[in-house]
Amino acid sequence: MNDLGYFPGIIESDKGKFILGELYVVSDELLKRLDVLEGCPHFYQRKLVDVVFGDREYPVAAYIYVLTKASLNPMDTKIPANDWRSYYHDKVDQIKADVMR
């Protein structure tokens, strides 16, 4: 997972790795609208993957958005532990501390 500034980008090499995220049930119409929001298929590609959530013992199929090869930037920062929320909060806290100096 890469830091793209104000949002993360899952990359193909994250395949098989644990990624902390959220899971939603959406209609086909909303999924089409999300594709537009996510820049699919040019910026991200929507892919079907198996995910495990909650206390379930077996995976379920869910869509994720993966950066296209054209969207990859070797200068992007890798996000430790593939946890965008913690990473972003730490980043904001660091910026606040730098401003207060």
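The protein exposes about 7,900 Å², and carbon and sulfur atoms supply 59% of that; the areas come from the Shrake-Rupley method with a 1.4 Å probe.

Notes on the model. I am working with a predicted model, in which local features need pLDDT of at least 70, side-chain atom pairs count only at pLDDT 80 or more, and totals for chains, interfaces and linings use all residues. Residues are numbered from 1 along each chain as its sequence is written, and side-chain values use heavy atoms, with hydrogens and water left out.

Overall layout. I found 2 helices and 5 strands, in the order β-β-α-β-β-β-α along the sequence. Helices (H or I, at least four residues) and strands (E, at least two) are DSSP runs, numbered from the N terminus. The C-alpha atoms fill a box of roughly 50 × 35 × 25 Å along the principal axes.

Leu4. I placed Leu4 in the loop between β1 (2–3) and β2 (8–9). Leaving out residues up to four places away in sequence, Leu4 touches Gly9, Phe43, Tyr44, Leu67 and Asp76, where contact means heavy atoms within 4.5 Å. Leu4 and Asp76 are 72 residues apart along the chain, yet their C-alpha atoms are separated by 6.4 Å.

Gln45. I found Gln45 in strand β3 (residues 44–51). Its contacts, with residues up to four places away in sequence not counted, are Cys40, Ile64, Tyr65, Val66 and Thr68. From Gln45 to Arg56 I count 11 residues in sequence and 27 Å in space, C-alpha to C-alpha.
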